[in-house]
Amino acid sequence: MNKQSAITAPGVLHEPLVHDSAAKHVSGRAEYIDDIDEPSGTLHAYLALSERAHAEIASMDLTAVRAAPGVVDVVTADDIPGENDISSTHLHDEPVFATTKVEYWGQPLFAVVAETREAARRASRLARIEYRDLPHQTDVDAARANGNRLVTAPLKLERGDVAAGLAKAQRRLKGSMLIGGQEHFYLEGQISLAVPGEDDDVTVYASTQHPSEIQLMVGHVLGVEMHAVTVNVRRMGGGFGGKETQGNLYAVVAALAAKKLHRAIKLRPDRDDDFQTTGKRHDFRVDYEVGYDDDGRIQAVDAVYAARAGWSADLSGPVTDRALFHCDNAYWYPAVRARSEPFYTNTCSNTAFRGFGGPQGMVGCERWIEDIAYALGRDPLEIRKANFYGTDTNNITPYHQTVTDNVIHRVVEELEASADYQARREAVIAFNRTSKVLKKGIALTPVKFGISFTATWYNQAGALVHVYRDGSIHLSHGGTEMGQGLYIKVAQVVADEFQVPLASVKINATTTGKVPNTSATAASSGTDLNGAAAADACRQIKARLVAHAARVYEVSEAEVTFEPGGVRCGQKFVTFAELVASAYVGRVQLSAAGFYKTPRIHWDRAAGRGDPFYYFAYGASCSEVTIDTLTGEYQVDRVDILHDVGKSLNPAIDKGQVEGGFIQGMGWLTTEELWWDGKGQLRTHAPSTYKIPLASDVPPIFNVTLAEWSVNKEATIGRSKAVGEPPLMLAISVVEALSMAVASVAEYRVAPQLDTPVTPERVLMGVERMRKARG
């Protein structure tokens, strides 16, 4: 279906339609926060940041700051009429501005407001601050050595008798793995524009995944009720979880200055300062002991997932929880105990990132699968398949949820065949026998990812649908658009419900003034929640239209059916616009607020058991790589993916999500390295030192297929499945393929145990370890 026919033809659900803003994106016409026309008199704010990782503030002299050219005011903690706190938990551990102590390098101290952004930025560096340094710790090992302080309560998942399982196992192994973090590197950085209104009112334009939390935090800091704060967001230039809570700071400071000075305020940090201040994907150290038999079947797992949480709790509790939820990936453990340790460190407060801890959970478990394979001299894929969850038995997760929708066997079987895995693996082994410098590796890995917020109350959404007299439709919902295609998918749902062309549906910017109490657009649940809420609103209006049509055309309601372009009333066909015009004259309400809450989910964190996920999304990827054993450099030669998105609402959008998710995951696991120096300052804070994948890093052969046979067994919108996060974990196959290439140096007898990111340096060090092991 071409673009024009897709826009004008009714019934557009499950069609591969173009993103609603695609043309605007490539032409530069898409409007972001920094593109909004600034109100007359707009001032610019900039944050002053600490230059210590952990210290008491002995004194702070702002005289030079206030006297700097262009400076209008300096905003400090003393100017806060409400509470000096923007923590997303009940712990109240994240002040807007530090007052007596700083706990990481880059912590905000005050904000400068000036006539220009450049004047504010320069003045922010002029404060004279005296510190009394305190001991600092920047990683898990240092945190363990200095008191084991956690930022929030840990979680333990346990099922079966782990001690007995380990004791009875024919074989046992222990290991430890470091899993690196990741910077979000959204194209549009953090930014907010606040416009003061009358009385307590303020309107905030924010680049955020969670408008309602911005609304709450602004009210909290200003000391006003939420109804005084309106938050608007049309689109973000990327989010990936980094704009779920991290935008709170910028919105709050802009609103605080706006209300104090009665002028519009814009706040946009430099990319370097954005890097320094905002949280990342959590780094982990995973320690594990596994018992297994001579066939590679796991008998028991005991694992500890320790994370660098940063200086405040933020979302580290639920992130480390989800890491444990995915320490099984697609595998059945007869006995398992998994524990989290979210450690306090003097670094930025780590936060949500695509996958929300799930990727780290999976990387850890794939490590012990790999260790088992090398210990037994087997293909790791054989070990994976031997441990897959069953369909009727061996299907209970570590958190006691029964897996009822398992399709991983079919997904892996089909990809193994379509990617010609077995023949290619033999070819790789043959190549490595004769090639002295270049070595190849190939791996096929599965993904099973749980869908739903584990904080059950977030699994709700609202939508507002207006049908106007001419038959056009206005759509508002609580989800936010960050390039992932949520808006177009929900618009397709509405167009399908009314059987009208997509062009009849106007997608409105997300605003707290229309849909209240929204959940973050996160956890891959944006379409599931907001699409269902929009459908609910449409069905309310349709029920009224059916009743009206039955009265007007003197037929039973059962004889009124929506068809492409209109409504059939018995033998008579009426266009949608005609029926709506008639309903207006008949005083029929043509507006509805829809609501949806995910059914059947529950979670008891204290007990470590429940059904936190509505369903699971599945996938598998096969990656082939080549490494240079003299330099550690490598390339990804080919990738094949088969991914389960249920009955896709929009295959074009979903395929793009799979492709992008894989590449972002590959960057996390290979090139993107975060490094703090001895003083506690993040040194990889710009594109010059932090390497995200380039277009040239995309595999030259990149085959992505959606499992067209899949239909979600749960009653999701259109029987589709979430697609935002699960594809990121497909990139684990690249790590496993690199491991095989490195292991070939020692004839595959020794597990290479590569930490991530698997940089060329780590590949080279792995090769050297294999050479020593070979003797």
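Visitor: Is helix H10 (residues 316-325) largely enclosed by the rest of the structure or exposed, and how many of its residues are buried?

Guide: Keep in mind that this is a predicted model. The buried residues of H10 include Val319, Leu324 and Phe325, but also Asp321 and Arg322. The rest of the structure largely encloses H10, because the buried count is 9 of the 10 residues.

Visitor: Okay, now H16 and H17. Why are they called roughly perpendicular?

Guide: H16 spans residues 526-553 and H17 spans residues 576-585, and their axes are 10 Å apart. Angles of 65 to 115 degrees count as roughly perpendicular. H16 and H17 therefore get that label, as they pack at an angle of about 85°.

Visitor: Which residues of H17 does H16 meet?

Guide: On the H16 side you have Leu545, His548, Ala549 and Val552. By class, this contact has 6 nonpolar, 2 polar and no charged residues. The H17 partners are Phe576, Leu579, Ser582 and Ala583.

Visitor: And the largest nonpolar core: which element gives it the largest share?

Guide: That core has 154 residues, and Tyr305, Trp368, Ile473, Phe498, Phe576 and Phe662 have the most contacts inside it. It takes at least three residues from each of domain 1 and domain 2. The largest share is 11 residues, and it comes from H16.

Visitor: How many residues are in the other core, the one with Ala77?

Guide: Ala111, Val113 and Ala194 are also among its members. This other core lies apart from the largest one, and its count is 38 residues.

Definitions and conventions. Residues are numbered from 1 along each chain as its sequence is written. This is a predicted model: local features need pLDDT of at least 70, side-chain atom pairs count only at pLDDT 80 or more; totals for chains, interfaces and linings use all residues. Side-chain values use heavy atoms; hydrogens and water are left out. Axes are lines fitted to C-alpha atoms, for helices over the stretch in contact, and angles run from 0 to 180 degrees between N-to-C directions. Helices (H or I, at least four residues) and strands (E, at least two) are DSSP runs, numbered from the N terminus. Angles under 35 degrees count as roughly parallel, over 145 as roughly antiparallel, 65 to 115 as roughly perpendicular and the rest as oblique. Contact means heavy atoms within 4.5 Å. Ala, Val, Leu, Ile, Met, Phe, Trp, Tyr, Cys and Pro count as nonpolar, Asp, Glu, Lys and Arg as charged, and the others, Gly among them, as polar. Buried means under 20% relative accessible area, exposed over 50%, partly exposed in between (1.4 Å probe, protein chains only). A nonpolar core is a set of buried Ala, Val, Leu, Ile, Met, Phe, Trp, Tyr and Cys residues joined through side-chain atoms within 4.5 Å. Domain bounds come from an automatic or database domain assignment.
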